[in-house]
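Visitor: I am new to this structure and would like to learn how to read it. Could you take me through it slowly, one feature at a time?

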Amino acid sequence: MNDRLGKFSDLQSVQEAFSKDKVGVTERGERIPIDRLNRAIEEGIARADTRMRRYRRSRRAWRVWWAMMTLFILITAAVNISPAFASMMRAIPGISGFIKLIDSNPAMRTAFHHEFVQPVHLSDEGLAYKLTVNGIIADHQRLLVLYTLEGGDIHRSSMSPYADITDLQGNQLEAALMYSYFPGEQESEGIMQDYIDVILAEGVEMPDGIVLSMHLEGERLQVEVPIEHERFKDMVEVIQINQVVEIAGQKLTIEQATVTPLQVSVKMSSHRSNPKHINAFIGLELVDEEGRRYRSKGGFGDVDSSFTKHFDSPYLIRPEKLSMVAKGLYLSDRGLSVTIDTEKKQLIDAPDERLMLAKVTEVGDEIRIGITLQGNVAHNEHVFLELLSYDGGFRDASGKEYKLLDTGVRNGSFREGSQQMTYIIAKEQYKQPLTFDIQEYPGYVLDDMSVEIK
Amino acid sequence: MAGLERSEEKKHDHALLERIHAEKAKLYGIAYSYMRNEADALEAVQETVCRVWQKRHTLRNEQFFSTWMVRILIRVCLDAHKKRKRERPMTLFNSYENVSDRGMEERLDMERRLDQLPARYRMIVILKYYQDMTISEIAELTGKPAGTIKTWIHKALKQLRVDWDEKEGRADER
């Protein structure tokens, strides 16, 4: 077909084209087929009645199915679903799609078993998408937001919505946000169910409510969610520990533990006199007297200095005893560095053969240095090492100092036990070669540690 | 008591039906502008009435009924348009009954260009340039900030290969 309209050069020409087109469209639109339109209205109402009858039948079928499933599960005792869990499932519309998600997350699973969930069911709808917050699980330290996204082309694998969470006054929460990306019950196109894990920074109070904003495909959807503090206000236990432990030749002070229904936070510090740089723990977790394990989920701070580690919580289970255990530490020598000639694209000096220069490229005003690191895998764990410090610097051959670019991204990816990173520096006339101070390097020591929390 | 409640409900439904009939020309006009053929426009109205009827007890404030219903219509048109694109992406010859040949090719070109826009941009263009709505009216209807509507128009026109000056955009806001 020929393009009769040609290229539009300015607003006036497109307005003229619209006006012309509009005349024809409006003429036809105003020739309303009244009889057919009236029939469409009648048929619309009839369609609504049919759908509502079908919906009521399927709801009855669902309740029968659910009752049968509950009975089957209780009889076989294969999976532990409490009446409280079933009650929660019925109390929160749309929550059935979250079953696999709930089961994959220990905090959520425990919360549902103990009815520690706040039903919400609030939505915002745009032109193409709809966001519903189905429920939240909150305590003083952590918040889980269960949501559903609906829209014509939504599918879990095809998009990653950007979420923003503020308090009710619009202030950003000082918190880490994590998505689950776990396959939900409904994998079909047009619906996605997921949760956002919000871990507050130390000392930050859980707000009275949050505003969840989702940005996708040009639309911004917002849902305001009040947080019912009455549900958890007295559910916090602070345990002073103040114990020094030694593991793999390094000393740590275990200061205190804060225990709430969703999280245990253990505050610790490494001694300044430690001979090596602590990069991470191996196998860090909590264990109760029944042998139930509560894994570490990360934390805040620098493990070689002052830091807090987070764990799943046994609060709702109320164990008698709780210990923090580890199998060893990832360690590296202090004072290591790597020297690279970015003009010749050569690795001049490195601690050993585990560090390789992958490539050096120039992009605009930047020089991008790709590095591969091997040998950081121990006990089937992937530990991402910060080879160079996040706010680190480097020096040229004359000793002049520079900083890694703030806009530089220290990307990492795991591939067959190795780690790839890209560091970005400004494109300048450096006196080559350049020397970068290493913060963390592969290496580990196995040594069992156990500290009594309570 | 149950009889009294049913009678009240019937009165309410009757009043709602009257309101739908009062707005049907507007609904059809918007649907036709967007779908550009009678059959799809009627289907969009039918589906809109279906959803309005299903949700009729959820409307909290009667004075927003018209806006609420048009919003549902917009959603229906967007979904239908996407479905239509998936099922018959290249067929655009169903729009022009009883139209003279002169200008027909231009209209088909315009339809093809509009068809290539993302659904939400097409809708905003239709509301602004074919239904003569202001930015503020579109913002209120869609529940989006006026700035977002302007951005979408800008992007839509850009995709239609137009330079849209910000000043002209502000002058265009009524």
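Guide: Let us begin with a term that we shall need: a salt bridge is a side-chain nitrogen of Lys or Arg within 4 Å of a carboxyl oxygen of Asp or Glu. Please keep in mind as we go that what you see is a predicted model.

Visitor: How many salt bridges are there over all chains, and with which residue does A:Arg47 form one?

Guide: A search of the whole structure finds 21 of them over all chains. A:Arg47 is paired with B:Glu43, and their closest N and O atoms lie 3.1 Å apart. This pair crosses between chains, since A:Arg47 sits in helix H2 (residues 34-76) of chain A, while B:Glu43 sits in helix H2 of chain B.

Visitor: Which other salt bridge do the side chains of A:Arg47 make, and is B:Glu47 buried or exposed?

Guide: A:Arg47 also meets B:Glu47 in a salt bridge, at 2.5 Å from N to O, and this pair likewise crosses from helix H2 of chain A to helix H2 of chain B. As for accessibility, B:Glu47 counts as buried, because its relative accessibility is 8% and the cut-off for buried is under 20%. A:Arg47, by contrast, is partly exposed at 21%, and B:Glu43 is partly exposed at 36%.

Visitor: What about the salt bridge between A:Arg354 and A:Asp352?

Guide: In that pair the closest N and O atoms are 3.0 Å apart; A:Arg354 is partly exposed, with a relative accessible area of 26%, and A:Asp352 is partly exposed too, at 23%. Returning to shared partners, salt bridges join A:Arg47, B:Glu43, B:Glu47 and B:Arg51 into one network.

Visitor: Which residues touch the most other members in the largest nonpolar core?

Guide: That core has 74 residues, and A:Ile137, A:Phe281 and A:Met324 are the ones that touch the most other members. Leaving aside residues up to four places away in sequence, A:Ile137 touches, among others, A:Met108, A:Phe112, A:Leu144 and A:Leu262. Another core, of 60 residues, lies apart from it and includes A:Ile41, B:Cys77, B:Tyr130 and B:Ile138.

Visitor: Where in chain B is confidence lowest, and where is it highest?

Guide: Where pLDDT is low, the predicted coordinates should not be read in detail. In chain B the lowest mean, 43, belongs to helix H8 (residues 166-171), and the highest, 90, to helix H2 (residues 38-54). The pLDDT also stays under 50 over residues 88-100 of chain B, whereas chain B as a whole averages 75, with 69% of its residues scoring at least 70. For the complex, the predictor gives an ipTM of 0.77 and a pTM of 0.59.

Definitions and conventions: Residues numbered from 1 in each chain as written. Chains lettered and ligands numbered in written order. Predicted model: local features only at pLDDT ≥ 70, side-chain atom pairs only at ≥ 80, totals over all residues. Heavy atoms only, no water. pLDDT = per-residue confidence, 0-100. Helix = DSSP H or I, 4+ residues; strand = E, 2+ residues; numbered from the N terminus. Contact = heavy atoms within 4.5 Å. Core = buried A, V, L, I, M, F, W, Y, C linked by side-chain atoms within 4.5 Å. Buried < 20%, exposed > 50% of the residue type's maximum accessible area, 1.4 Å probe, protein only.
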